[in-house]
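Me: Hi! Could you walk me through this protein model, starting with what holds its middle together?
Reply: Happy to, let's have a look.

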Amino acid sequence: MKPHIGITDKNLKNSIELLSITLADAMTLYTKTRKFHWNVTGESFMEMHKLFEGQYKQLEMSIDEIAERISKLGGKTIGTMAEFTKMARLKEAPDSYPDRKEMVAELLKDHEAVVVQLRKDIETSEEENGDVGTADFLTALLLEHESTAWILRRYLS
């Protein structure tokens, strides 16, 4: 059943598309973080292993919330690796096993890229789609990514 929540069908579709791309980015970042959790070695191994674990668990929660937001707007949530890879703005690095410092730098770069994109998506949600609920939702995601980026940045200082 289609929601009747004061947003046009066209704008609902736009919000669902924007959220689907956000979901694809979150899945890509989740996969990278999990890979780094599995492959980190060397100095501070356990600290980095636990750091990455905490970050991928946070991403798991965000992924579920993004999927639920899509459903609340009447959309179907993508759910295959092919769909995630096709829609994601972030890119994977197959066959790449960076050292600990490079892992942190790569995750930092991705979280900051997500923050920059979310700022644009928040504006689009509010101004073009008239969807303040999605704008607010994306603002909460932005704050999570800013916090994670800050933590990662501290490891590189």
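Reply: First, a term: a nonpolar core is a set of buried Ala, Val, Leu, Ile, Met, Phe, Trp, Tyr and Cys residues joined through side-chain atoms within 4.5 Å. Buried means under 20% relative accessible area, exposed means over 50%, and partly exposed is in between, using a 1.4 Å probe and protein chains only. This is a predicted model, where local features need pLDDT of at least 70 and side-chain atom pairs count only at pLDDT 80 or more, while totals for chains, interfaces and linings use all residues. Residues are numbered from 1 along each chain as its sequence is written, and side-chain values use heavy atoms, with hydrogens and water left out.

Me: Thanks! How many residues does the largest nonpolar core have?
Reply: It has 41 residues, and those with the most contacts inside it are Leu19, Leu23, Phe52, Ile66 and Leu138.

Me: Which elements give two or more residues to this core?
Reply: Those are α1, α2, α4 and α5 (132-156). The largest share, 11 residues, comes from α1. By the way, helices are DSSP runs of H or I with at least four residues, strands are runs of E with at least two, and both are numbered from the N terminus.

Me: What does Leu138 touch?
Reply: Not counting residues up to four places away in sequence, Leu138 touches Leu18, Leu19, Thr22, Leu118, Asp121, Ile122 and Ser125. Contact here means heavy atoms within 4.5 Å.

Me: Now His145, is that buried or exposed?
Reply: His145 counts as buried, at 8% relative accessibility. Its place is in helix α5. Leaving out residues up to four places away in sequence, His145 touches Leu29, Leu59, His111, Val114, Val115 and Leu118.

Me: And Arg69, buried or exposed?
Reply: Arg69 is buried too, with a relative accessible area of 15%, and is found in helix α2. Beyond residues up to four places away in sequence, Arg69 touches Leu19, Asp131, Gly133, Thr134 and Phe137.

Me: Switching to rings: how many aromatic pairs are there?
Reply: The count comes to two. Rings of Phe, Tyr and Trp (its six-membered ring) pair if their centres lie within 6.5 Å; planes under 30 degrees apart count as stacked, over 60 as edge-to-face and the rest as tilted. The rings of Tyr30 and Tyr56 have centres 5.9 Å apart and planes at 90°, so that pair is edge-to-face. Tyr30 sits in helix α1 (residues 9-39) and Tyr56 in helix α2 (residues 45-72), 26 residues apart. Tyr30 and Tyr56 are both buried.

Me: What about Phe36 and Phe52?
Reply: That pair is tilted, with 6.3 Å from centre to centre and 50° between the planes. Phe36 lies in helix α1 and Phe52 in helix α2, so the pair ties together parts 16 residues apart in sequence. Phe36 is buried at 3% relative accessible area, and Phe52 is buried at 0%.

Me: Last topic, helix α4. How far apart are its end C-alpha atoms?
Reply: They are 41 Å apart. Helix α4 has 29 residues (residues 100-128), so at 1.5 Å a residue it should span 42 Å, which agrees. The expected span is 1.5 Å times one less than the number of residues.

Me: What follows α4?
Reply: Gly130 does, and its phi is positive, near 60°.
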